[in-house]
Structure formats: C-alpha cells, structure tokens
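Dear colleague,

I am passing on the structure we spoke about, which you will find just below. Please read the notes after it with the model open beside you.

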Amino acid sequence: YNSPVADTADGFIASCKENEINCYLLPSIMGIESGFGKQYIPGTFNGFGWGRGNIPFKSWNESYMVIGKGLRENYINRGATNIDSIGAIYCEGNTWSGKVKYFMVQFEAEEAKIALNFDQIEVQ
C-alpha cells in the first residue's frame with residue numbers, strides 16, 4: 001500500500017506479542033483510519049484515529065505499543081473479543097469492522113503467498 005510506516009513492521013509485531021493481539025489488527029486499523037499512515041495530523045504519529053487522532057505520540061513505535069495496550073486493556077479484557085465488538089466501541093460507524101476484516105484477510109493472503117514462495121525454494 002506504499003505506506004510510509006512499512007519499515008516499522010517490527011514495532012507492530014512487538015506490540016501484538018506484548019499485548020497478545022492479532023498481528024494484523026493494528027495495521028488494519030491504521031489502514032482504515034489513515035490510509036496506512038498517509039493521512040494523519042502531522043507530528044502526532046497517530047495513524048489510528050486514537051482520541052479522534054488528536055493524541056500525540058513521540059514515534060510510530062510508541063503509538064503501536066500504547067494503542068496495542070489500550071486495545072488489550074480497554075476492549076479485549078472487557079469482553080470485546082472480536083472485530084465486530086471492538087468496532088462497536090472504537091468507531092461510530094457501522095462499516096468499520098468490515099473494513100478491518102477486509103485488510104486482515106489481505107494481510108493473511110499476502111503472508112500465505114510469501115510462505116508459498118519460501119516452500120518452493122530448493123535447499124542444496
């Protein structure tokens with residue numbers, strides 16, 4: 001998606017591992033809320049619409065950790081255990097969860113392609 005945050009994938013992974021959330025959740029939310037970090041309030045590193053996008057972070061990685069923790073503590077631990085129930089709290093609209101699911105499926109498909117390519121490499 002030509003995302004300016006593509007080189008920060010390790011931060012997404014660290015957050016998902018630490019907060020025990022699906023590793024495609026944060027980038028999928030960012031895809032909807034800011035076009036994968038292309039449209040956000042400059043200087044905030046908030047590509048998630050967190051606090052209507054007005055809450056600033058010091059870096060992309062800080063935003064991943066804070067938002068991952070927030071999703072775990074304020075949503076998942078309180079019973080919002082699927083995308084639809086998270087979406088009902090996270091966003092006012094009724095199309096948010098479908099869009100998050102769409103991107104999550106896209107990421108899963110891309111990972112499957114990469115895995116296939118590795119499987120086809122012959123080891124000598």
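This is a predicted model: local features need pLDDT of at least 70, side-chain atom pairs count only at pLDDT 80 or more; totals for chains, interfaces and linings use all residues.

Residues are numbered from 1 along each chain as its sequence is written, and side-chain values use heavy atoms, with hydrogens and water left out.

The largest pocket holds about 390 Å³ of space. A pocket here is an open set of points on a 1 Å grid over the protein atoms alone, where a 1.4 Å probe fits, with protein on both sides within 12 Å along at least five of seven lines, and its lining residues have an atom within 4 Å of a point; the volume is the space filled by probe spheres set on the points, which are joined across faces, edges and corners. Of the 15 residues that line this pocket, A6, A9, F12, P27 and F107 lie nearest its centre. Two elements, α1 (9–19) and α2 (25–34), each give two or more residues to that lining, and α1 gives the most, with 3. Helices are DSSP runs of H or I with at least four residues, numbered from the N terminus. The lining divides into 12 nonpolar, 3 polar and no charged residues, where Ala, Val, Leu, Ile, Met, Phe, Trp, Tyr, Cys and Pro count as nonpolar, Asp, Glu, Lys and Arg as charged, and the others, Gly among them, as polar.

The second largest pocket, with a volume of about 190 Å³, is lined by E33, G49, W50, G51, R52, Y75, Y90, C91 and E92, and this lining comprises 4 nonpolar, 2 polar and 3 charged residues.

As for the helices, the axes of α2 and α3 come within 11 Å and cross at roughly 105°, the axes being lines fitted to C-alpha atoms over the stretch in contact, with angles from 0 to 180 degrees between N-to-C directions. The two helices are therefore roughly perpendicular to each other, a term used for 65 to 115 degrees. In their contact (heavy atoms within 4.5 Å), L25, L26, I29 and M30 of α2 meet W60, Y64, I67, G68 and L71 of α3.

With best wishes

Methods: Angles under 35 degrees count as roughly parallel, over 145 as roughly antiparallel, 65 to 115 as roughly perpendicular and the rest as oblique.
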